[in-house]
Amino acid sequence: MKYLLILSLFCYANDNMEQLYLKNACNSCHGMYGEGMGAAPRLQGVKEHILLRRLKNLKEGKTRTSFGSVMISFAKALDENQTIAMAKYLSTLKTIIPEDRYDEEYDPSGDGGS
């Protein structure tokens, strides 16, 4: 029972962080699954303690790049609990490719290929 409660709290926290990630439009630069886009760094696969340190540095106004200055206001908007939960959430991101993303009866003929 104790493990079920912990698991449900973790899932609830992840849902809240996913909503916050989307609400703050983090996905517009870092990608839907934290895969990184352009100059925005990849967050997917980064260890939780590293993400937490980076978020705390941003909250303090510290950044290593000019692009990071954009992140300072986002990081400062997070309270201490949200900062910890966001680092945990980001460290769990994985690219999800739905199996049904293509029609089952896809026919490549006539698609311009040779």
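**Exercise 1. Find the surroundings of His30.**

*Task:* Which residues is His30 in contact with, leaving aside its neighbours within four places in sequence?

*Solution:* Contact means heavy atoms within 4.5 Å. With neighbours within four places in sequence left aside, His30 is in contact with Tyr21, Glu35, Gly36, Met37, Ala40, Pro41, Leu43 and Met71. Helices (H or I, at least four residues) and strands (E, at least two) are DSSP runs, numbered from the N terminus. Finally, check the accessibility: at a relative accessible area of 7%, His30 is buried. Buried stands for under 20% relative accessible area, exposed for over 50%, and partly exposed for what lies in between (1.4 Å probe, protein chains only).

A word on the model before we go on. This is a predicted model, in which local features need pLDDT of at least 70 and side-chain atom pairs count only at pLDDT 80 or more, while totals for chains, interfaces and linings use all residues. Residues are numbered from 1 along each chain as its sequence is written, and side-chain values use heavy atoms, with hydrogens and water left out.

**Exercise 2. Survey the chain.**

*Task:* How many helices and strands are there in the chain?

*Solution:* The chain has 5 helices and 0 strands. Along the sequence this reads α-α-α-α-α. Of the 114 residues in the chain, 24% are buried. Now look at contacts with a separation of 6 or more: 53% of them join residues 24 or more positions apart.

**Exercise 3. Describe a pair of helices.**

*Task:* At what angle do the axes of helix 3 and helix 4 cross?

*Solution:* Two packed helices are described by the angle between their axes and the distance between the axes. Axes are lines fitted to C-alpha atoms, for helices over the stretch in contact, and angles run from 0 to 180 degrees between N-to-C directions. For helix 3 (residues 48-59) and helix 4 (residues 69-76), the axes come within 7 Å and cross at roughly 95 degrees. The two helices are therefore roughly perpendicular to each other; the labels are roughly parallel under 35 degrees, roughly antiparallel over 145, roughly perpendicular from 65 to 115, and oblique for the rest. Helix 3 brings Leu55, Leu58 and Lys59 to the contact, and helix 4 brings Met71, Ile72, Ala75 and Lys76.

**Exercise 4. Explore the largest pocket.**

*Task:* Which residues lie closest to the centre of the largest pocket?

*Solution:* On a 1 Å grid over the protein atoms alone, a pocket is an open set of points with protein on both sides within 12 Å along at least five of seven lines, and lining residues have an atom within 4 Å of a point. The largest pocket holds about 610 Å³ of space. Its lining has 25 residues, and Pro41, Leu43, Arg54, Leu58 and Met71 are the closest to its centre. Helix 3 gives the most to this lining, with 6 residues.

**Exercise 5. Inspect two loop residues.**

*Task:* Where does Ala25 lie, and where does Lys47 lie?

*Solution:* Ala25 is in the loop between helix 1 and helix 2. Most residues other than glycine have a negative phi. Ala25, although not a glycine, has a positive phi of about 60 degrees. With a relative accessible area of 35%, Ala25 is partly exposed. Lys47 is in the loop between helix 2 and helix 3, and at 52% relative accessibility it counts as exposed.

Definitions and conventions
On a 1 Å grid over the protein atoms alone, a cavity is a set of points where a 1.4 Å probe fits but cannot get out, and a pocket is an open set with protein on both sides within 12 Å along at least five of seven lines; lining residues have an atom within 4 Å of a point. Grid points are joined across faces, edges and corners, and a volume is the space filled by probe spheres set on the points.
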